[in-house]
Amino acid sequence: TGGTGGDGANALAGSNGNGGDGGNGGSASGGAIYNSATGRVAVHDCTFTNNTVAGARAGVSGFGSGGLGFDGANGFPGAGNSGAIYNDGGSLTGAFSTFNNNSASGAGGDGGTDAPLDADGMGGRAGSSANGGGIFNNGGIVALTNCTFAVNSVTGGDGGDGGNGGTVGFGGDGGNGGAGGSGNGGGLYNSANGTALIVNCTFSLNQSTGGTGGSGGAAGSTVARSGQTGAPGESYGSAIANSAGSVTLKNTILAYGSPGINAAGTILDGGNNLSSDATPAFTSPASRANTDPLVLPLANYGGTNWTAALAPNSPAIDQGNDAACPPTDQRHFVRVGQSDIGAYEFTGTSATATLRARRQNNELIISWPTLFDYTLESTPDLESPNWTSVTNTRGIVSFEFFVTNSLDGFSRFYRLRQ
């Protein structure tokens, strides 16, 4: 949560001095993870749920003194940047992970002060924006595979009300209400020339809501004018929004965004995508917009985290591009036949815990599927085995764990144990 801006000081009585300006509200960035411009983050088989960020209100202005002193200006409220992960110019890789019920909220703008004498009322400040309920990529690089984004949300701050016009003489006009802040990308928001590549992911029931515009201030007399109501904030992409940069979708589902806008901005169609509405301008003949993908609610369908399964008659079944998708779905279930669109494979089967060994130069490479409930063990002797867990560094390549051993060391036997 960002910090509230300080209030401006009032001018000394009788000084004809101006009031001080209110301080800006602080932004809040990354409810779970904040990654800076030099950072590299990889999330694998993770769940991000119920994380929140909220921008802070600004400080209000101080009052001027005497007939010549002016009131100060209200500060600007702080933005809410990504309920789960804020990638601020760094590198983010995500695989086999779920983003559920994360939220970002902008702060409301402060109301304008009422005018003295026959002056016009001050306008209300605009509410701040909320950006990326699940992920906000601000000028960085994001690559996502086999991930589910469900019921994440962004809500822009409400605009402040305009101040009332002065009532002396002909009176002053009422101040205009401030605009509502925009809600950008309920699931993912990309800006500042960032790059996002999204493959075999499912976005379902995400929401973006713009803030309400502030009310106009009252006129100071019958000949003065009331202030205008501020414009409502834009609901910009409930699933995915791109304001500046490159977002490419491949084998991906966008479903049931609220208020009915799955995608906003330029979305590049890598083919084999499905959207429940017509907002993404798909260009590939293998992609379909305005088609219900028949995605079920998020639940435990097996695997290390919850997923959004496909109904038996989903048009996503057997419509993926096998050349682009990984061999397993988000649950690490093997994809069968022609792959399905999205993170879930309808006819997927549990991966076999197969241990493989191969020689590469002067090393022995041991690899096995990314099954987190298995442990690699070794022993030098099968006649009186003493199995121990393998502790040398293991990595992940092509959706498999691997370890390496030098060929000039002692011979070993290996096994996987659940």
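The entries below follow the order in which I looked things up.

Before starting, I noted that this is a predicted model, in which local features need pLDDT of at least 70 and side-chain atom pairs count only at pLDDT 80 or more, while totals for chains, interfaces and linings use all residues. I also noted that residues are numbered from 1 along each chain as its sequence is written, and that side-chain values use heavy atoms, with hydrogens and water left out.

Entry on the sheet. I found an open sheet of 4 strands in the order β5-β10-β15-β20, with parallel pairing; strands here are DSSP runs of E with at least two residues, numbered from the N terminus, and two of them pair if DSSP finds at least two bridges between them. Because β5 (52–54) and β20 (207–209) stand at the edges with a single partner strand each, one side of each is left without a neighbour in the sheet. The twist averages 5° from one strand to the next, taken between axes that are lines fitted to C-alpha atoms, with angles running from 0 to 180 degrees between N-to-C directions.

Entry on one pair. I looked at β15 (residues 153–155), which runs parallel to β20 and is joined to it by 3 bridges, and I saw that Thr155 stands opposite Thr209 in β20.

Entry on cysteines. My search of the whole structure returned 0 disulfides, a disulfide being a pair of cysteine sulfur atoms within 2.5 Å. Cys147 is in no disulfide, and its nearest cysteine sulfur, that of Cys201, is 4.7 Å away. Cys147 is buried at a relative accessible area of 0%, where buried means under 20% (1.4 Å probe, protein chains only), exposed over 50% and partly exposed in between. Cys201 likewise counts as buried, at 0% relative accessibility.
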